[in-house]
Amino acid sequence: MLAFDTIADAIQAIRSKTISSTQLVRYALAQIDKLDPAIKAFNSVYPDQSLARAKEVDAGRITGPLAGVPIALKDNICTTFGTTTCSSKILANFRSPYAATVAKKLEAAGAIILGKTNLDEFARGSSTENSAFGPTRNPWDTARVPGGSSGGSAAALAAGMCCASIGSDTGGSIRQPASLCGLVGLKPTYGRVSRYGLVAYASSLDQIGPLAWTVADAATLLNVIAGHDPNDSTSVPHPRPDYLAHLHQPIKGLRLGIAKEYQLASGIDPQVKTAVAAAIKTYQALGAQLVDVSLPHTEYGIAAYYIIAPCEASSNLARYDGVHFGHRTKEPVRDIIELFSKSRAEGFGEEVQRRIMIGTYALSSGYYDAYYLRALKVRTLIRRDFDNAFTHCHAILCPTSPVPAFAVGEKSADPLQMYLVDVFTVTANIAAIPGISLPCGFTAAPKPLPIGLQLLGPAFTEQKLLRIAQMYESATPWHNHRPPLA
Amino acid sequence: MSDRICKFYEVLVGLEIHIQLATRSKMFTAAPNAFGQPPNSLVDPQVLGLPGVLPVMNKRAVEYSIKVGLALGCQIAPFTKWDRKSYYYPDLPKNYQISQYDLPLCSSGTFDIPDDDGSTKTIRIRRAHLEEDAGKLIHEAPGGHPIDYTIVDLNRAGTPLLEIVTEPDFTTPRQVTTFAQELQKIVQYLGVSEGQMQMGHMRFEPNINLHVTDQTGVVHRTAITEIKNLNSFSVLEKATAYEIQRQLHQWLETGALGQKSTYGWDDAREITVHQRDKEEANDYRYFPDPDLVPVIVDDTWLAELKRQIGELPAARRKRYVESVGLSPVDAATLAADRHTGDLFDQSVAAGAAPKRVATLLLSHGRRLANESGKPLAQLNLKPNRIAELANLIDQNKIAPAEPAGKVLERLLQQDAPAEQIASELGLLQSSDTSAIEAAIEALIAQNPKPLQDYKSGKQAAFGALVGMVMKQAKGLNPKLVQERLKQKLG
C-alpha cells in the first residue's frame, strides 16, 4: 500500500517534505504495475505525464488543495490527454478534444490524474463486469466484483494505487462500489457538480462524485469539484460551502430516519443487516435519536429507474453511429442504415444493447404514456416521500447494498437479479438528493468483505451529511482497514 | 372520358415556414452562426455531438422567436421546454434534434393579409417553435463531379431555426405568397433574420388538399400533399397553383384522391414531383431533453420584448392612414422599414406637419437615398433638421421643389439649422410684403409696356410680370408676388 494513502496524509507529507509528490506518484505507479494485472482497475495509465506534473508540484510550480496527490478518474470523464473509452469498443480510440469541467477543476487544484479507470460499459451495470476490456476485480477478494459501475475507481483506491478517485453515480455507481470495496463514496445532489464532459448515461440521474478512504477526503474532493458551471444548464448557481469547515463538529440533536420499507426489503444479507444494526447503535450511543419514517413508493423505485435510465440512455447513445467518430464497421454495407446498425452492433456490448432496446421501446409512440410518463410520475412520488421523511429527520440511514461483493459471474447471467442490487441506491438519484456510503464492518464468512452504510439527506445538505458521516467515522475503526493484498 | 363533374371545389392550404434566425451564435452553443464559410469550420464539440457535451440555450434566439410570435398575434407560452426528436441521419450528429414538441413557445395566433379583392384575409397561426437545424449532406464534389460517398458539412448544424405552422386557411396561391412576403417583411423589420430567400433563410412548405363537390353534392377530399423546401416567392406561388390543379385533374380523370405524400418542385419543368408517401407517421420518440431546463417567460421579460418590438409595420401603416392622414401608398412606404418609420415619427414629433415631412422624405429623401445607394434611414438625416426644413416650406420661406431638395442634400454633410443652410445657399425667399410692394412699384415705373398689355386683356402678360418682379428682387416668395400683383392690377 501507499506510504501515505489518503489525501490528508499525502498533502501533509508533501507539504512537510516528508515525501515528494514524485516519490508518491512513483509508489502509486509501482503499485499499479504490481497489482493491476490482477485487479484491472485502469483502462489507461499516464506515467510520464503524471511524473512530469509531480515534478512541477515539487518545484512549487503547481499548487492547490490537491497539489501532488495521485488520483484516478473514471474513464467516462473527458480529458484532453489519453483516451476516454467508457469501457466500450465503440469509443476504444476516442480522444477528446476538450476536457470535462471536473477534470479541469481537479488539475487546477494540483491533482495528478494517474489514469482512467474501468467501468461497466457506458456506466450501465453494478459490477464492472460489463466492460469491453474485461471485468475489474475486488481487491478484498479478486474472485469477486468491486461493484459498479465505478468499480475501477473503487478498486484502484482500495488496492492502494491512488489516494482517491472520481466516479459517477446514476443509480448507485459510486456508493455501491464504495460499499463493496470498504470506501467512502459520495453522490452529490443533482446539479451540485458539473456534468459537462461526463459521457452521459442517464442525463437526469448522472452525477460525478468522490471515492475516498475517509469522510474528510471526500469533503476535500467535493470542495474542488462542486460548483456552478455555465456549460451545464442543470448545474445550480448556489454558492458552494466549505465542506471541510465544521466537519468534525457533531450535529446536536441528530435525528436519523429509519424507513420501514427498507427494513422490509427482501434479499438483504443477514450479515449486512447485523452490521447496519450495529451502526445504528453506534449513532444512538453518540446521542442520535431514531425516527421511524416511511418511503411508501420505494418498491417502485427500481422499476421507475429501469425505465427512466434506459430511455435517456437510448437517446444519449444514438450519436455513436460510426459516422462522425468512434467505431465504424469494416464490413461492406449496402446503405447508411446498415452502416449504423452494423457499427452499433459491433461496438456496443450486450447490456448496453439491452438498455438501448428497453429505452427505445419505452419511448415509442403508444408506449410513452404507459412507461416513461408513468415513471416520471413515480419519480415525483418518490421525491415527495423523501420531502415528507426529511421533515422528521436530518438523514435516512440504511444499507448501501443489500449484499457484500458477489462473485464474478454470479449475477451477470441474470440482469433482473443484478438490477435489484441497486434497491437502496437508485431512489437518491430519482429524488436528486445526496447519498453517502461509509464502511461499517465486514462479513465474517466466507471471508472478510466490506459492508457499507448509507446516509441519505435532503438536496444540497452535503455539508450536514458529511458531518453526520464524520461522527460515525470518528467513533469506528472501519475506515482504517485495508485489503491484505494491498 | 369521365362522368365526374366538379361542381365546385374548396382549396385548403396550410403553410409551414422555417426561418433561420440571425443570432451571432448557434442555438445551444457559442459556435458562430454564419453563412458562406468553409465546410465544417463553424463547429465545436457541441455541434459535433461529441461524448459528454451539454447544450446551453441561446437566450437571444428565444427572444427573437417570441418577437415573431408577438408579431403574428400568438400566445406566448409562460412555460415551455425542450424536447428531443429522435431520428438517425448523418447530418444530425447526435441523431436527435433538440426541438419543442407539445409546448411550443408561440401558439394560437392570427395574422391579417390583404386579399386580391381588397378585403382582409385572416390566417390562423397554429404554432411557432424553436429548434436546432441539421447540417447538410453533399452528394457531389465541388464543381459537380460525381463521388461515391457523401460529404457532411455541419456549418448549419445547430443553428437556430424557427418553425411556423399555419392552419389550412389559405384558399389561393396568391394568399400564400402574400403571407410569405409579409412574413419576410416582419422578420426583417424585427431584425431577427435577414430573410434572404436565396440564402435559405426562409424555406416554405405548403400543405395542400381540395374538397371537391361533385354534381350530386358529394364532397371528395383529396389527400394532403406537402411540397418541400420552396425558397422563392414565385416558386411558392407556382408550385401551390400547380399542385391544386394536379389534385383536381387527378380526381377528374381517375377519381383518385391520392395518398398523403411529399412532393418536390421541379423548377425546369415547372411541375410538382412525387417524392415519397407518408403512410405511417415517423416515430420520433419525443421526450423532454434532460440536459436543459424549462423556459419561463415571465411578464417582465415579455413586456421588455414588446417594448423592443415597438410598433409593427401593419399597425404603423394603419396609424399613418387613419390618424396621420397619409395616403395608403405613402403610409406603406414609410412603415415598411422600421428605421424610416422611426425617422418620420421623430421628425413629426420635433414639431412639423406630418404630410409635409412625408412628402419631403418620399420625394427628396428617396431621391437622395437612390443616389447614394443607401437606405433612407441610413443617410444620417436628423429628425429635428427635417422638421426645420418642413416648417420652412410651410412658412413659405423656401420653395418645396428644388430649393428644399438642395437644403436636404446639404444636410447630409452638414448638421446646421435648415434655415441657416437655406440662407447660405441663397434659397430663402422673402415674404416681406413691403419689399414685394416696392419691387412691384419699381417694375411698373420702369416697364409700363407689359402692364399696358395686361390691362388691354393679354392675360399671358401676367406671368411675364411676375417673372420680372422676381428678377427685380431675388428671393421673394412667388406666391405672394402673384397675390400682390393681382391686387395691384385688379
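Over which ring does the charged end of A:Lys411 sit? I looked it up in the predicted model. The charged end of A:Lys411 lies over the ring of A:Phe406, 5.2 Å from its centre. I counted a charge as over a ring when NZ of Lys or CZ of Arg is within 6 Å of the ring centre and within 35 degrees of the ring normal. I also found the charged end of A:Arg482 over the ring of A:Trp213, 3.7 Å from its centre.

**Conventions.** Residues are numbered from 1 along each chain as its sequence is written, and chains are lettered from A in the order in which they are written. Local features need pLDDT of at least 70, side-chain atom pairs count only at pLDDT 80 or more, totals for chains, interfaces and linings use all residues, and side-chain values use heavy atoms, without hydrogens and water.

**Aromatic pairs.** I noted 28 aromatic pairs over all chains. Rings of Phe, Tyr and Trp (its six-membered ring) pair if their centres lie within 6.5 Å; planes under 30 degrees apart are stacked, over 60 edge-to-face, the rest tilted. A:Tyr262 and A:Phe424 have ring centres 5.2 Å apart and planes at 85°, so this pair is edge-to-face. A:Tyr262 is in helix H8 (residues 260-264) of chain A, and A:Phe424 is in the loop between H14 (415-420) and H15 (426-431) of chain A, so the pair ties together parts 162 residues apart in sequence. Helices here are DSSP runs (H or I, at least four residues), numbered from the N terminus.

I checked burial next (buried is under 20% relative accessible area, exposed over 50%, partly exposed in between, with a 1.4 Å probe and protein chains only). A:Tyr262 is buried at 3%. A:Phe424 is buried at 0%. The rings of A:Tyr305 and A:Tyr306 have centres 4.8 Å apart and planes at 85°, so they too are edge-to-face. Both tyrosines, A:Tyr305 and A:Tyr306, are buried.

I then found one aromatic cluster formed by A:Phe94, A:Phe122, A:Tyr320, A:Phe325 and A:Phe348.

**Helix packing in chain B.** I turned to H8 (residues 338-349) and H10 (residues 383-394) of chain B, whose axes come within 8 Å and cross at roughly 60°. Axes are lines fitted to C-alpha atoms over the stretch in contact, with angles from 0 to 180 degrees between N-to-C directions. H8(B) and H10(B) are therefore oblique to each other (under 35 degrees is roughly parallel, over 145 roughly antiparallel, 65 to 115 roughly perpendicular, the rest oblique). For the contact (heavy atoms within 4.5 Å), I listed B:Leu343, B:Gln346 and B:Ser347 of H8(B) against B:Pro383, B:Ile386 and B:Ala387 of H10(B).

Key: Helices (H or I, at least four residues) and strands (E, at least two) are DSSP runs, numbered from the N terminus.
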